[in-house]
Amino acid sequence: MNIKSLKFQNFRNYQSAQISFSEGVNSLVGKNAQGKTNLIEAIYFACIGKSFRTNKEKELIRWGDDFSQITLCASNDIRQKEIKVSLFRGSKKSVKMDGLVIKRIGDVLGEVPIVFFSPDELRLVKESPEERRKFMNIDISQTNKKYFYLLSRYEKILDNRNKLLKSTPNKDIVLQTIDIWNKALAAAGVKIARERAEFVQRIAPFADMANKYISNGETLRVEYNGVNVENEEQYISKLEKSFEKDFKLGYTTFGVHRDDIDIYLNDVEVKNFGSQGQQRTAALALKLAELEIIKQATGEYPVLILDDVFSELDSGRRVRLLKFTSRCQTFITTTDEDFCEGKIIKINDGKLENKR
Ligand SMILES: Nc1ncnc2c1ncn2[C@@H]1O[C@H](COP(=O)(O)OP(=O)(O)OP(=O)(O)O)[C@@H](O)[C@H]1O
Ligand SMILES: [Mg+2]
C-alpha cells in the first residue's frame, strides 16, 4: 500500500491541512519546531492506532480546540483504504475504516503497514529488553493479528498470576490455584516464543544486509534471547521451578515478558561497544529489515518513515541509505534543504507548501 493523501484538522500545530504524496520519496523539510514530526505522527497514528510520542491522545488535539481528525487514504493496484480517526477532548476516540466503525484498534493495524524510524529508535539497540520486545511485538502484529490478540491474552493472564502471588502470605492458598494460570500462561507463552524466534531468524539476514550496505561492510548479528523451551510442559515446569522465587517477590520471573534480542556488531555487543554512529546504523538496519519481512508476508513493501535520520549519519551513510530506500514509498523529515529528494513538502509553522 502507498499513502496517497492525508487530511487533518486541529492536529498538533496544524489547524487544517491536506496533502497528496508521491509513491517514491517524500521529503518533509522545515526548520525546527514547524510540524515535521507532527505530520509523521499523524500518519503513524492512522496506521498503527496510537502515537509514538504519547499515550495521552488528548495531547494530539491542537491547543484550544476540542476535536481533531485525521483522514488517511492509501491504495495499491487492487484496493483502496480510507482510515479516519477522530479525537475528542470530552469523549473517546472514534476510528473508521472505509466508513465503518472499528471497535478494536488491532483491526486497523496492518491495513497500511509502515516501518518507522526516529532518533529515539536508538533505544532499540541501547536500552532495556523492553524496547526490543516492543519492536518484535509491533512488527509481528503488523502481519499477524492473531499474535496481537495472543499477546493481550498473555498480558491478562500474567496480570492474574501476579495478583494471585501478591494476594496472600499463605503459600498453600496460592498453590491451590496457581496451576490454572501456569497452564494458561504456558499455552500463550509457547506460541509467542515461537513467533518471536521465527521473526528474529527471518529478520537477521536482512538486518545484516542493510547494515553492511549502509556501513560499507560491517557485520551485524541478531539472536533471539528468549525462554528457551520446546513445549508447554517445559514451560510449565520452569514456572513451577520459579514458584518459590515468584512467591517471595510477588511477580512472575519466568516467561516471554522477559525476552530479549542480542545484537552484535563485528562480533562484539553493540550495546556496550558500538560507537554512536554504529549503534544508529544497527538500529536503522533492524528497521530496514522489517521492509523485507513485511514484503514477504504481504507481497508488497510497507511505507518507510524516517524522522530526522540524516542528522545522525555521515555523508557516505546518508547517500547509501537513500539508495537503499528507493525500493518503497518513503517519508523523510529533514531540516537540510540540500538533502531533499523526490517530492518536497515545505513545512512552516503548521502550514504545508508543496514545492515539487
Ligand atoms: N497539541 C498541540 N497544539 C499545538 N501545537 C502543538 C501541540 N503539540 C505540539 N505542538 C507544537 O508543535 C511544534 C512542532 O513540533 P514538531 O515536533 O512537529 O517539530 P519538527 O518540525 O519536527 O521540529 P524538529 O526539527 O525540531 O524535530 C512544537 O513546537 C510544539 O510546540
Ligand atoms: Mg521533529
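1. In which sense do strand β6 and β7 pair, and over how many bridges? This is a predicted model. In it, β6 (residues 94–97) and β7 pair in the antiparallel sense, over three bridges. Methionine 97 faces leucine 100 of β7 across this pairing.

2. The sheet that holds this pair is open and has six strands. Their order is β2-β1-β4-β5-β6-β7, and the pairing is antiparallel. The edges are β2 (14–20) and β7 (100–102), each of which pairs on one side only. Direction ignored, neighbouring strands are turned by 20° against each other on average. Helix α1 (residues 36–48) packs on this sheet. The helix touches β1 (2–11), β2, β4 (67–75) and β5 (80–88), and its direction makes about 110° with that of β1.

3. Now the ligand. Ligand 1 is surrounded by 16 residues. The closest are Asn32, Ala33, Lys36, Thr37 and Asn38. The shell has eight polar, five charged and three nonpolar residues.

4. Strand β8 (residues 114–117) is covered on both faces. Ile114 and Phe116 lie on one side, Val115 and Phe117 on the other, and all are buried. That layout can be set beside a general rule: in a regular strand the side chains alternate between the two faces of the sheet. β8 pairs with strand β12 (residues 303–307) in the parallel sense, over four bridges. In this pairing phenylalanine 117 stands opposite leucine 306 of β12.

5. Helix α3 covers residues 129–143.

6. Helix α4 gets the same check. Its 23 residues should span 33 Å at 1.5 Å a residue, and the end C-alpha atoms are 33 Å apart, which agrees. Tyr147, Phe148, Leu151, Tyr154, Ile157, Leu158, Arg161 and Leu164 are buried here. For reading such a list, note that an α-helix has 3.6 residues a turn, so residues three or four places apart point the same way. The buried residues of α4 pack against α3 and α5.

7. A second open sheet has three strands, in the order β9-β10-β11, with antiparallel pairing. Its edge strands are β9 (220–225) and β11 (268–269), each pairing on one side only. β9 and β10 share six bridges in the antiparallel sense. Leucine 220 stands opposite leucine 265 in β10. α5 lies across β9 and β10, and runs at about 170° to β9.

8. Last, a loop residue. Is glycine 250 buried or exposed? It counts as exposed because it has 12 C-beta neighbours inside 10 Å, and the cut-off for exposed is 12 or fewer. Glycine 250 sits in the loop between α7 (243–249) and β10. Leaving aside residues up to four places away in sequence, glycine 250 touches Leu165 and Lys166. From glycine 250 to glutamine 201 the C-alpha separation is 34 Å, for residues 49 apart along the chain.

Definitions and conventions. Residues are numbered from 1 along each chain as its sequence is written. Chains are lettered from A and ligands numbered from 1 in the order in which they are written. This is a predicted model: local features need pLDDT of at least 70, side-chain atom pairs count only at pLDDT 80 or more; totals for chains, interfaces and linings use all residues. Helices (H or I, at least four residues) and strands (E, at least two) are DSSP runs, numbered from the N terminus. The expected span of a helix is 1.5 Å times one less than its number of residues. Two strands pair if DSSP finds at least two bridges between them. Two residues are in contact if their C-beta atoms, placed from the backbone, lie within 7 Å. Axes are lines fitted to C-alpha atoms, for helices over the stretch in contact, and angles run from 0 to 180 degrees between N-to-C directions. A residue is near a molecule or strand if its C-beta atom, placed from the backbone, lies within 6 Å of it. Ala, Val, Leu, Ile, Met, Phe, Trp, Tyr, Cys and Pro count as nonpolar, Asp, Glu, Lys and Arg as charged, and the others, Gly among them, as polar. A residue is buried if 20 or more other C-beta atoms lie within 10 Å of its own, exposed if 12 or fewer, and partly exposed in between; C-beta atoms are placed from the backbone.
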